[in-house]
Amino acid sequence: MIKIKLFCICNLLLFLSFKMVNSIIIDTPIIIAGTAKITGRIITPNGINNASILVTIGVPHPITGEFVKYEAVVDESGRFSMDFDMETNTSFIGLYSSINPYKTLMVKSINGGVTNIVIAYNSDLDIKNIDVTPAMNQYDMSQSMEVLRKMIDYRPDGAYKVLYDKSSDEFQNYAKTVVSERSAIFLNKDTLLSKEFKRIVSREFRLFMYNAHVFDYEGQMIHNYRNATRDEIGKPEIQKIDKSYFRFLKDFNLNDPEYLQSFTFPEVQNAILLNDVLRLPRVGESNIAAWLENVKVILSDLVGFDDGPYYDILVANAFARQLNEEVKPLTEKQKENIAHYWKNGEIAKILFRKNKQIVQLNKVKSPAVVNDISSVPKEKIIETIISKYKDKVVFVDLWATWCGPCLDGIKQFSTVKADFRDKDVVFVYITNESSPKKLWGEKIKGIGDEHYYLTDAQWEFMMKYFGFEGIPSYLLYNKEGVVINKFTGFAGNEAVKKAIYSILK
């Protein structure tokens with residue numbers, strides 16, 4: 001299996017949405033456009049300045065296919081409050097504070113309601129006590145991420161599994177076995193996790209593993225070949241797959257409404273919408289009913305049904321790709337089609353609400369410029385890029401399309417990049433072959449600015465040269481082409497703005 005970068009894993013662990021149970025009533029997820037509020041208090045040991053503490057929440061949006069972050073600075077008494085959009089009647093949001101950002105709590109939110117949480121930290125900056133309303137099973141709430149982290153990170157003893165020279169059926173059987181074995185090892189042994197939670201986390205883990213490893217068969221085989229042979233240039237003979245490869249989708253029962261509370265489900269939807277083998281048509285300005293009929297011809301045998309809420313969510317996600325990836329507002333024809341198909345329904349309300357946000361973002365977006373330097377020797381890659389931007393401050397973002405924290409940092413910073421449009425600052429985004437080129441091409445339309453797609457050899461040289469072990473990672477060059485700052489993990493809008501302004505002349 002492909003090695004998931006640390007920060008990508010952390011993002012999943014921080015923001016995954018689970019259905020927690022025991023002391024709360026579980027509601028069947030229903031699509032509703034609305035808002036909710038979270039209030040609370042952070043209690044810290046003496047000596048910590050409360051006014052410097054930041055509370056962050058991550059909210060799943062299954063219709064617009066996002067995981068949206070909201071932040072609030074606590075006041076001097078440690079109190080905070082945040083209002084946020086919701087797309088379902090209930091949801092589970094990830095919450096952490098800057099005191100211990102690696103300790104995330106999963107907290108229930110109710111559409112139109114208020115969740116209150118009080119978190120007390122001890123002198124070691126570990127959580128000492130939690131008081132939350134609506135009430136939740138505190139073990140599930142506070143310890144769930146450790147179980148999932150262990151499942152994802154687990155590597156049994158033994159030789160590296162060679163798969164690139166096996167059939168696609170053998171690869172799928174291996175993937176199925178890995179998911180089954182890890183679920184048995186970690187979920188069955190934990191007697192404190194609720195029965196319902198085990199069921200939910202097992203399904204979430206399987207979604208994550210298939211999305212990360214199984215969908216892109218060719219990419220997975222190339223990665224396996226390079227790990228097994230240490231050959232960074234060559235490619236193995238890879239079995240050609242057809243649509244029948246995706247018959248594993250039938251096992252997921254994708255009409256289950258519980259997927260509305262899953263973080264990974266929108267990622268799976270994106271993988272389906274973009275897959276080169278399935279070749280689903282772009283929704284564009286198509287009549288929605290006609291588009292769905294064409295899609296069902298391709299998918300119904302693979303997913304195991306030809307009707308149900310899954311298909312409405314899929315077409316909503318198709319529109320959301322345009323909004324999220326290209327930061328391109330809906331056309332008048334698209335708005336007409338949405339209103340005709342869903343009337344005044346909740347999905348239409350959610351899409352139109354998102355469209356209003358994109359209209360504002362689109363006003364400050366710059367066009368994306370693609371720079372081809374694939375023929376440049378790896379030893380010259382850095383100076384080749386930086387030399388193009390003489391007398392400019394250059395902010396370099398090393399990212400990947402599969403890296404959640406990378407995308408989150410890009411999205412956060414997009415709200416303040418416009419502050420530098422009239423200044424001598426250039427924003428450069430660099431990825432490599434681990435990012436599917438088709439998906440990369442779509443995402444950069446919404447990012448704008450300068451882009452580079454490196455070979456794996458160029459990428460590895462750059463990462464080693466700067467001592468980076470994961471992504472997102474960043475470089476800040478002054479106008480003389482000298483590295484002034486480098487760091488891994490997005491530091492936040494204010495910190496990055498301050499660093500850039502400090503070297504602008």
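Two strands count as paired if DSSP finds at least two bridges between them. Helices (H or I, at least four residues) and strands (E, at least two) are DSSP runs, numbered from the N terminus. This is a predicted model: local features need pLDDT of at least 70, side-chain atom pairs count only at pLDDT 80 or more, and totals for chains, interfaces and linings use all residues. Residues are numbered from 1 along each chain as its sequence is written, and side-chain values use heavy atoms, without hydrogens and water.

**Sheet**
- Strands β1 (residues 31-43) and β7 (residues 114-121) run parallel, joined by 7 bridges.
- T39 has N116 in β7 as its bridge partner.
- Both strands belong to an open sheet of 4 strands, in the order β4-β1-β7-β8, with mixed pairing.
- β4 (79-88) and β8 (127-133) each have a single partner strand, so one side of each lacks a neighbour in the sheet.

**Helix α10**
- α10 (residues 346-362) has 17 residues.
- Its buried residues (under 20% relative accessible area, 1.4 Å probe, protein chains only) are I347, A348, I350, L351, K354, N355 and I358.
- These fall within an arc of 155° seen down the axis (directions from the axis to the C-beta atoms), so they line one face of α10.
- They pack against β1, β3 (66-73), β4, α8 (309-325), α9 (332-342) and α12 (404-414), where contact means heavy atoms within 4.5 Å.

**Helix pair α2 and α3**
- V147, K150, M151 and I152 in α2 (residues 138-153) meet R182, S183, F186 and L187 in α3 (residues 168-187).

Methods. Expected span 1.5 Å × (residues − 1). Buried < 20%, exposed > 50% of the residue type's maximum accessible area, 1.4 Å probe, protein only. Axes fitted to C-alpha atoms, helices over the stretch in contact; angles between N-to-C directions.
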